[in-house]
Amino acid sequence: MPTPTAIIDVVGGPSVIGAAILSQFDLIRAVRAGLPVSAVHALMQSGRLSRAETDRVVLPRKTLAHRERIGTLTTDQSDRLMRVARVMAIAEEVFGTQDKAHRWLRRSTTALANEIPLDLLDTEEGAREVETILGRIAHGIAA
């Protein structure tokens, strides 16, 4: 499991979040308070998610435009964003680079019933399945 710092780095780090995230509880508090919309933009600007992928697994474009006027995400939207960031941080840790993780997350795999891992991140259950497969890969168990 990646550290809270590694997860936050996926969405731009503490400067984007506006707070130091040193523990899981700091992360929980930040999610409950609503993360800044700039965290979504940082995720896209880093190349980790395209606008279309963000639309599918984090929040729709129209909702993002609405939240931009407000400045922060809701708790539920923040939670979805952190779910995606967490899985991306795990994938980057397992595969060693952002590029390799990026490719794996977008390729269907038999271990996930021929689903594309990224497409499963729209639900917590799907994210858990992806995390399980990443754990198996990390431990050298055939996935």
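The chain exposes about 7,300 Å², of which carbon and sulfur atoms supply 52%; accessible areas come from the Shrake-Rupley method with a 1.4 Å probe, and for residues only the protein chains shown count as cover. This is a predicted model, in which local features need pLDDT of at least 70 and side-chain atom pairs count only at pLDDT 80 or more, while totals for chains, interfaces and linings use all residues. Residues are numbered from 1 along each chain as its sequence is written, and side-chain values use heavy atoms, with hydrogens and water left out.

Me: Why is threonine 109 called buried?
Reply: Buried means under 20% relative accessible area, exposed over 50%, and partly exposed in between (1.4 Å probe, protein chains only). Threonine 109 has 14% relative accessibility, so it counts as buried. This residue is found in the loop between helix H8 (98-105) and helix H9 (124-138). Leaving aside residues up to four places away in sequence, threonine 109 touches Asn114, Glu115 and Pro117, where contact means heavy atoms within 4.5 Å.

Me: Why do alanine 113 and asparagine 114 count as exposed?
Reply: Alanine 113 has a relative accessible area of 60%, so it is exposed. Asparagine 114, at 53% relative accessibility, also counts as exposed.

Me: Why is glutamate 129 called partly exposed?
Reply: Its relative accessible area is 44%, and therefore glutamate 129 is partly exposed. Glutamate 129 lies in helix H9. From isoleucine 116 it is 13 residues away in sequence and 11 Å away in space, C-alpha to C-alpha.

Me: How do you know that the buried residues of H3 line one face of the helix?
Reply: The buried residues of helix H3 (residues 24-33) are Asp26, Leu27, Ala30 and Val31. Seen down the axis of H3, they fall within an arc of 135°, so they line one face; the arc is that of the directions from the helix axis to the C-beta atoms. The face turned away from this buried side carries the exposed residues Phe25, Arg32 and Ala33. The cover of the buried residues includes helix H1 (4-10), helix H2 (14-17) and helix H7 (75-95). After H3 comes glycine 34, with a positive phi near 95°.

Me: What makes the buried residues of H8 line one face?
Reply: Those residues are Ala101, Trp104 and Leu105. Down the axis of H8 they fall within an arc of 95°, so they line one face of the helix. H7 and H9 are among what covers them.

Notes:
Helix = DSSP H or I, 4+ residues; strand = E, 2+ residues; numbered from the N terminus.
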